[in-house]
Every structure is written in structure tokens, then in C-alpha cells.
Amino acid sequence: MAIAKNTICLWYDKDAEAAARFYAETFPDSSVGAIHRAPTDYPSGKAGDVLTVEFTVAGIPCLGLNGGPAFRQTEAFSFQIATDDQEETDRYWNAIVGNGGQESACGWCKDKWGLSWQITPRVLTEAMAAGGEEAKRAFTVMMDMRKIDVAAIEAARRG
């Protein structure tokens, strides 16, 4: 397998493999690749522990690093997953939140490892791109949501 020129490296305490497997089961065009074990003891683990996991999330190459508890995920990084309808929005949202994650505002949620996700229906992105009053209406409605309600966004777009 060729090494990607650019890979997103995500820091985990000790669950990189479990996270990668969850993402691969949840999102299309996602998979788990090579799993590398530590050749020697290191500050957060022992020789033989899973050190890194190569995986893909919705076509994006990633590397999960079991670096220990020193650093936590923040909202400064998130995956934004574009959805086509309410069913797809619900499926991803419920998978993340229902697997130990937590809801946030405006289509954001966190998985149980602390990684932030934006589950964003395309209709919202299209409304924002339209600009003007349509964008204002959609944005105003979205600001009161947790999981995005596609029908409410569509209604706001129409005025």
C-alpha cells in the first residue's frame, strides 16, 4: 500500500483501532488498513500494544495514533459529512450519538472518543450558498437545532 502524501493524524488515548472500526462500519468509502504495534515500550504503552491504525473515513486517509491521555480532541477539528436527506442525516447522527457520543448545536456532535462531526444536509449548504434572505432564513432556523431538520431547512428556504 502506497503511503499517502497527506494524512490526517488523530490522537487517541488507547482506542484508535476501535474508533477506526466504528468509522469504517458507519460511513461509506471507509475502511481499516494496517495496524502497527509498538516495537518497544513507550510513555503511554507497552511493546506489542497497538500504536497506529491506518484508516479511511469517507475517502479521507487517516492515521489513528494511540498517544495516551496527554492530548484530547477539540472542536477545532471536525469531519463534515454531507448528507442527501433526513434518513441519511438521522443514520449518521444516531450512529455517533447512540454509540456513546453526545449532541451539540447546529448539526454538530461528538463521538465517544471526543472527535467532532458535522452532519450537514446538502440542503443547508445550498441555502447558505444561495445567500441573501434565503441564507438568513435557513441560518436562523438552523441556529435553534441540534440535529438538522431537513424539512425545516427546506421550509425556511422557501420563506
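Which residues in helix α1 (residues 16–26) are buried? Select the helix and you will find Ala16, Ala19, Ala20, Phe22, Tyr23 and Thr26 buried, that is, with under 20% relative accessible area (1.4 Å probe, protein chains only). Helices here are DSSP runs of H or I with at least four residues, strands are E runs of at least two, and both are numbered from the N terminus.

A note before moving on: this is a predicted model, where local features need pLDDT of at least 70 and side-chain atom pairs count only at pLDDT 80 or more, while totals for chains, interfaces and linings use all residues. Residues are numbered from 1 along each chain as its sequence is written, and side-chain values use heavy atoms, leaving out hydrogens and water.

Now look down the axis of α1: its buried residues fall within an arc of 160° (taken from the directions from the axis to the C-beta atoms), so they line one face of the helix. Show their surroundings next; among the elements they pack against (heavy atoms within 4.5 Å) are β1 (8–12), β3 (50–57) and α2 (86–98).

Next, select the open sheet of four strands, ordered β5-β8-β7-β6 with mixed pairing; two strands pair if DSSP finds at least two bridges between them. At its edges are β5 (78–83) and β6 (102–103), each pairing on one side only. Zoom in on β6, which two bridges join to the antiparallel β7 (residues 108–110). Glutamate 103 stands opposite cysteine 109 in β7.

Last stop: methionine 128 in helix α3 (residues 122–130).

Definitions and conventions
Buried < 20%, exposed > 50% of the residue type's maximum accessible area, 1.4 Å probe, protein only.
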